[in-house]
Amino acid sequence: MTIDPEMLHNLLVFAVFQFVTGTLGVLCRRSLFHLLLGGQTMLQGTCVAIAAISASGEDVGGAAWLFLIGGLAAAQIAVAVTFFRVLARRRSIETVTGHPQEDCRA
Amino acid sequence: MSVQGLPITTLIICGLGAGGIYLLLTQRKPAPRRTGTAVAAIALAALLSLFPLTGGNSLIATSSSFISTLSFLVPAGCGLVATIAVITSRSRRRGLAWFVVVVLANTAMLFVGGAVIVGVMNLILNVGFLGTLLLFAAVSDTNDESPAEPVSGFTWLACAVTALLFAGLLSALPRVVAAEPPRATTSAVSSNGFGWSDLGRSLLFDHGISLTVVSLLLLIAIVTVSRMMTGESSELSTQPVEGTAA
């Protein structure tokens, strides 16, 4: 598994583009779901850069880190999406009943 | 033609791209968004033209360098377009669909680049959280369109700053590629490239603590998700009675 320097350059340009665009999404969007997508886009760029550098140097450590980062991302997404869904449901309940839910369990 | 030594061209491309993305982010009417799309497409085409033409050590090992180059440029173009679409889409489902395209394009590019194992791993890992997101998008049948976001001067400032960041990182890339250490050829592993067994060995023996921590975090996430969903359903079962009483 090797990557020639030109392909490494191309992959790094692509990774930088994804990271910067994800940063722009995180900075500019207000919707929680799109913030999440922006963060994941940044993570994708990071993963591509790690994978390209790891494959270029024939270092298995980069691939291992990619595996660990993917596991963390899965955990983060699961909790964030559930949190988002609970918040949205609570907000719709408040809209229907007309009063905030102070006595709801956290 | 390389990005190296072309700071003015790079700055112009970044400025065009930032302007296009600004129009796509802030305008809700179709006409300015079409203008933004056109400007961003021109910037993307110019950016693609700056890529060094190479097919790499591709899986698609053909004698034609044109086809090898095309096999890189097609997923790269799809990935760039989809990345912009992810952050500028108004609908959640459309944004998620574009994000799936981003993941597939990344995997295809890693395949084309010759990093097959990492590409397969990228695809497998992304199935974990993409599955959760797709499930979420499938069950959220209401309020698909995100609410109107206020347009402020901060958006323009953020576009300018990120364009400058992109130009700065691009100008630093050739030095990073040149500083990459030469490939080791002495060990048997590096002469044949690494495989799945090497990856497993590295995960278990070199990154054992990190693997344990990530496994624990995944376990905590699973427990947290189930507890939050259980709390939500119990609230829902009690809520209509309270609402009626109020």
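**Exercise 1. Describe the surface and composition of chain A.**

Solution. The accessible surface of chain A comes to about 3,900 Å², and 67% of that area belongs to carbon and sulfur atoms. Such areas come from the Shrake-Rupley method with a 1.4 Å probe, and for residues only the protein chains shown count as cover. The model is predicted: local features need pLDDT of at least 70, side-chain atom pairs count only at pLDDT 80 or more, and totals for chains, interfaces and linings use all residues. Residues are numbered from 1 along each chain as its sequence is written, chains are lettered from A and ligands numbered from 1 in the order in which they are written, and side-chain values use heavy atoms, with hydrogens and water left out.

Next, the secondary structure: chain A has three helices and zero strands, in the order α-α-α from the N terminus. Helices (H or I, at least four residues) and strands (E, at least two) are DSSP runs, numbered from the N terminus.

Then burial: of the 106 residues in chain A, 59% are buried, where buried means under 20% relative accessible area, exposed over 50%, and partly exposed in between (1.4 Å probe, protein chains only). Finally, contacts (heavy atoms within 4.5 Å): among those in chain A between residues at least 6 apart in sequence, 57% join residues at least 24 apart.

**Exercise 2. Carry out the corresponding description for chain B.**

Solution. The accessible surface is about 12,800 Å², with 72% on carbon and sulfur atoms. Chain B contains nine helices and zero strands. Of its 246 residues, 40% are buried. Among contacts in chain B between residues at least 6 apart in sequence, 67% join residues at least 24 apart.

**Exercise 3. Determine how α4(B) packs against helix α2 of chain A.**

Solution. First, the geometry: helix α2 (residues 32-56) of chain A and α4(B) pack at an angle of about 0 degrees, with axes 11 Å apart. Axes are lines fitted to C-alpha atoms, for helices over the stretch in contact, and angles run from 0 to 180 degrees between N-to-C directions. Angles under 35 degrees count as roughly parallel, over 145 as roughly antiparallel, 65 to 115 as roughly perpendicular and the rest as oblique. The two helices are therefore roughly parallel to each other.

Second, the residues that meet: α2(A) contributes, among them, L37(A), T41(A) and V48(A), and α4(B) contributes residues including L96(B), F99(B) and V103(B). F99(B) is buried, with a relative accessible area of 0%. The C-alpha atoms of F99(B) and A85(B), 14 residues apart along the chain, are separated by 8.4 Å.

**Exercise 4. Which residues does T83(B) contact, leaving aside its neighbours within four places in sequence?**

Solution. Begin with location: T83(B) belongs to helix α3 (residues 65-88) of chain B and counts as buried at 0% relative accessibility. Its contacts are F17(A), Q18(A), T21(A), T41(A) and V102(B). With Q18(A), the side chain of T83(B) makes a side-chain polar contact of 3.5 Å. A polar contact is a pair of N or O atoms within 3.5 Å; within protein, one must be able to donate a hydrogen and the other to accept it, and residues adjacent in sequence count only if both atoms are side-chain atoms.

T21(A) is buried, with a relative accessible area of 4%. Not counting residues up to four places away in sequence, T21(A) touches T83(B), I84(B) and I87(B).
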